[in-house]
Amino acid sequence: STLSEMVMLAQEILGKTLNPSDTETLYWFYDGLKFSPEVILMLLEYCVSKEKRRMSYIEKVAVSWHERGITSMEAVNDYIKKDAERSGYIYSVRKLLGITDRALSQSEEQFINRWHEMYKMDEDMISLAYEQCIIQTAKLSFPYMEKILERWYKQGIHTPEQAVQA
């Protein structure tokens, strides 16, 4: 698609008329970051899906994608799929741990990301670690749960059945 078509579609996606500065930013994504018009439109849709429409935010995401090599449609689709998966996992774990009334701290989010991406622990394993944590400490403790999950990970334990036998 042509750049003028891209700007028209961008205005539709963002739900506003772009000012010259916004349009210039879109052109920079194309010329400077070497994003195709299709990737730029996906970027806009992704940001809008996160309730973020400010060009300054969109620009940060664009630069981050560029730095990570997320520049093709395939890479963008892969990233969006993994991001949705991670968000769903974080949501499930938050609910499981009863954290519904506040945002996660940065370190809590890092723990949960490690449990998901490095240890590959599903919600059942998180639930089991949480139960053990409560029995031992009478409160939610991310560092305590980390020790349990890390031990299971190192022992190759990935199901509640294996954990009970260990």
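How are α7 and α8 oriented to each other, oblique or roughly parallel? In this predicted model, the axes of the two helices come within 9 Å and cross at roughly 130°. Helices α7 and α8 are therefore oblique to each other. Angles under 35 degrees count as roughly parallel, over 145 as roughly antiparallel, 65 to 115 as roughly perpendicular and the rest as oblique. The axes are lines fitted to C-alpha atoms, for helices over the stretch in contact, and the angles run from 0 to 180 degrees between N-to-C directions.

The model is a prediction in which local features need pLDDT of at least 70 and side-chain atom pairs count only at pLDDT 80 or more, while totals for chains, interfaces and linings use all residues. Residues are numbered from 1 along each chain as its sequence is written, and side-chain values use heavy atoms, with hydrogens and water left out. Helices (H or I, at least four residues) and strands (E, at least two) are DSSP runs, numbered from the N terminus.

The crossing of α7 and α8 is right-handed. A crossing is left-handed if the near helix is turned anticlockwise from the far one by less than a right angle, and right-handed if clockwise. On the α7 side the contact (heavy atoms within 4.5 Å) is made by M125, I126, L128, A129, Y130, Q132, C133, Q136 and T137, and on the α8 side by Y144, M145, I148, L149, R151 and W152. By class, the residues of this contact are 11 nonpolar, 3 polar and 1 charged. Ala, Val, Leu, Ile, Met, Phe, Trp, Tyr, Cys and Pro count as nonpolar, Asp, Glu, Lys and Arg as charged, and the others, Gly among them, as polar.

Helix α8 spans residues 142-154 and contains E146. At 9% relative accessibility, E146 counts as buried. Buried means under 20% relative accessible area, exposed over 50%, and partly exposed in between (1.4 Å probe, protein chains only). Leaving aside residues up to four places away in sequence, E146 touches F111, R114, W115 and Y119.

Two further helix pairs involve α3. Helix α1 (residues 3-14) packs against α3 at an angle of about 10°, with the axes 10 Å apart. The two helices are therefore roughly parallel to each other. In this pair, L3, M6, L9, A10, I13 and L14 of α1 meet P37, I40, L41, L44, E45 and V48 of α3. The contact has 11 nonpolar, no polar and 1 charged residues. M8 also lies in helix α1, and at 56% relative accessibility M8 counts as exposed. From M8 to V93, the separation is 85 residues in sequence and 40 Å in space, C-alpha to C-alpha.

Helix α3 (residues 37-49) also packs with α5 (residues 73-96), at an angle of about 15° and with the axes 10 Å apart. That angle makes α3 roughly parallel to α5. The crossing of α3 past α5 is left-handed. Helix α3 contributes E38, V39, M42 and Y46 to the contact, and helix α5 contributes M73, V76, N77, Y79, I80 and D83. These residues divide into 7 nonpolar, 1 polar and 2 charged.

Helix α5 has 24 residues and reaches 34 Å from its first C-alpha to its last, close to the expected 34 Å. The expected span is 1.5 Å times one less than the number of residues. V76, Y79, D83, Y89, I90 and V93 are the buried residues of α5. Their cover includes α3, α4 (55-67), α6 (106-117) and α7 (123-137). Just after α5, G98 takes a positive phi of about 75°.

H116 is placed in helix α6. With a relative accessible area of 16%, H116 is buried. Not counting residues up to four places away in sequence, H116 touches E85, R86, Y89 and M121.

K34 is found in the loop between α2 (20-31) and α3, and has a positive phi of about 60° although it is not a glycine. K34 counts as exposed at 61% relative accessibility. In the loop between α3 and α4 lies E51, a residue other than glycine whose phi is positive, near 65°. At 70% relative accessibility, E51 likewise counts as exposed.
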